[in-house]
Amino acid sequence: MTATSLLNISGVSRQRAGRAAVSDLSLILNRGQVLGLLGVNGAGKSTTLAMLAGALRPDRGSILLDGQDFVASPELARQTIGWLPEAAPLWPELSVDEHLMGFATLRGMTRRDARRATDAIVERLQLGELRRRLAGVLSQGQRQRLGLACALVHDPALLILDEPANALDPVQVGELRKLVRERAAAGCGVILSTHVLGEVTAVCDRVAILHEGRLRHDAALRDDADGHILESTFFAIATGASAA
Amino acid sequence: MSIRAVTRLELRRLLVRPMAWALAALAIAWLAWTYVLSLGNFLNVQVKLAALADAPGFTDLVSVPLLAELIKLAFLVVPLLTMSLLAGERRAGTLPLLASTGIAPWKLIVGKYLAVLAWLAVWLIATLAMPLVLAGSTSPDWGKLAAATLGTALTLATLAAIGIACSAATGYPAIAAALALIVTLLLWTVDRGAQAAGVSGGFLEWLTMSTHLQNLLRGLVTSPDLIWFALAIALPLILAARRLSADRERH
């Protein structure tokens, strides 16, 4: 399983602001799998995602991406990983088109390929009307969609989404779910961090729950279509009622 | 490839920033005014100069002082231009996003640095164009002008490198600008104390930027001066790259 897994996290720890933000985290993600990452505020979700995106280096442990040491070679992120951080940080003075072209070329695409990829993602995320608009004047939901497009423009094998449904309307949330399943069907591994339990049951194959920086639960969702088991497990962990 | 992508993105951002255009317009307007005044003075003293055996010419009295004026302006303008390059990214949360593209910190620094250099090169060319339009009707000292241009270009490159290093050091663009200005002024005047004490030729004199720039403005190109500028450009850029690498460890 390890040899074929897309992502293999083993014993990863990271201190932030003098406390253990993530402790001894181990996880495996296979291609085509959607993993929901749950936890209360401060549980270590964003720190975990930042490490997986290559923006933070773990203090300890190993992260193997397609079998290669990602901690030692963060440049592996270039073509393999797409990351939508929380609140989708963007450059307000650049247009939607310039963002997508910029990210595509930063990810190593030629100008011609970047143009083609930009056109494709604009069409897929229905950003056509916004192409020439500056990011600084977009609504929060439009910014979120642009952030998602930037994460997807280079067709990454691993997609990391931190609260992707923030500020999206119900129609857009439905589109997002469809897109995530579409990416997974195409063989992409997806990690989706959210506070919304319904989001996880609707779109994920597996769920991992972090609490106080530690992995407290990691299980498949196949027998929990209505999310009752997940809900009780989550609340038990979050309120300290579980000794898991 | 990735350096070019960073440079292109940063240039695009500079081109749409009102601040960059406002600074460029004000600087060029000030230099044009200075040029007109210098030219007037030069024309007024031409008769007197004609009587002197080894009189200074158009290059000494108009072109080189114009480049020296550009450098004076750059002390203030370059820190304002570079202050947001990394401090602004850090503040907006886009720096981790850039780090996640897998681009090495040194490539990010060099890419941004080249974008600033391209912008400053346009300023230098616009400034040089003023005396060059009269090249046909004057007798420029091409060697001296080339050396002074090299000195100006190296000084601008040094100021840009210092600006980027200061921008990498903080998350506040205003602090980055103030820091760059202080570092630049220190580097410019570090030997003042030694001079006042009557000491010359020591380490402090070597450390001072003006020592090396004055030689080039006088038309003297020497290896020690070029090496000083190379070090003064490389050191801040290395520090900036190290600071960005440390971001992945610290935050």
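UniProt positions are given here in the numbering used for this model, with feature names shortened, and such annotations may be inferred rather than shown by experiment. With that in mind, the unreviewed UniProt entry lists "transmembrane region" for residues 21-43, 63-88, 109-133, 145-165, 172-190 and 226-245 of chain B.

A quick word on what you're looking at: this is a predicted model, where local features need pLDDT of at least 70, side-chain atom pairs count only at pLDDT 80 or more, and totals for chains, interfaces and linings use all residues. Residues are numbered from 1 along each chain as its sequence is written, while chains are lettered from A and ligands numbered from 1 in the order in which they are written.

Let's check two of those listed stretches. Helices (H or I, at least four residues) and strands (E, at least two) are DSSP runs, numbered from the N terminus. Residues 109-133 of chain B are 96% helix and 0% strand, with the end C-alpha atoms 36 Å apart. Residues 226-245 of chain B come out at 100% helix and 0% strand, and there the end C-alpha atoms are 29 Å apart.

Now hop over to chain A, which has eight helices and ten strands. Its C-alpha trace spans about 55 × 40 × 35 Å along the principal axes. The radius of gyration is taken over C-alpha atoms, and the globule rule is 2.2 Å times the number of residues to the power 0.38. For 244 residues, a compact globule would come out near 18 Å, and chain A agrees, with 18 Å.

How much of chain A is buried? A residue is buried if 20 or more other C-beta atoms (placed from the backbone) lie within 10 Å of its own, exposed if 12 or fewer, and partly exposed in between. Of the 244 residues of chain A, 50% count as buried.

Two loop residues are worth a look. A:Asp66 sits between strand E4 (60-65) and strand E5 (68-69) of chain A, and has a positive phi of about 55° although it is not a glycine. It counts as partly exposed because it has 16 C-beta neighbours inside 10 Å. A:Gln126, in the loop between helix H4 (111-124) and helix H5 (140-152) of chain A, also isn't a glycine, and its phi is positive, near 50°. A:Gln126 has 11 other C-beta atoms within 10 Å, so it is exposed.

Finally, the two chains meet. Two residues are in contact if their C-beta atoms, placed from the backbone, lie within 7 Å. The contact takes 24 residues from chain B and 25 residues from chain A. On the chain B side, H1(B) gives the largest share, seven residues.
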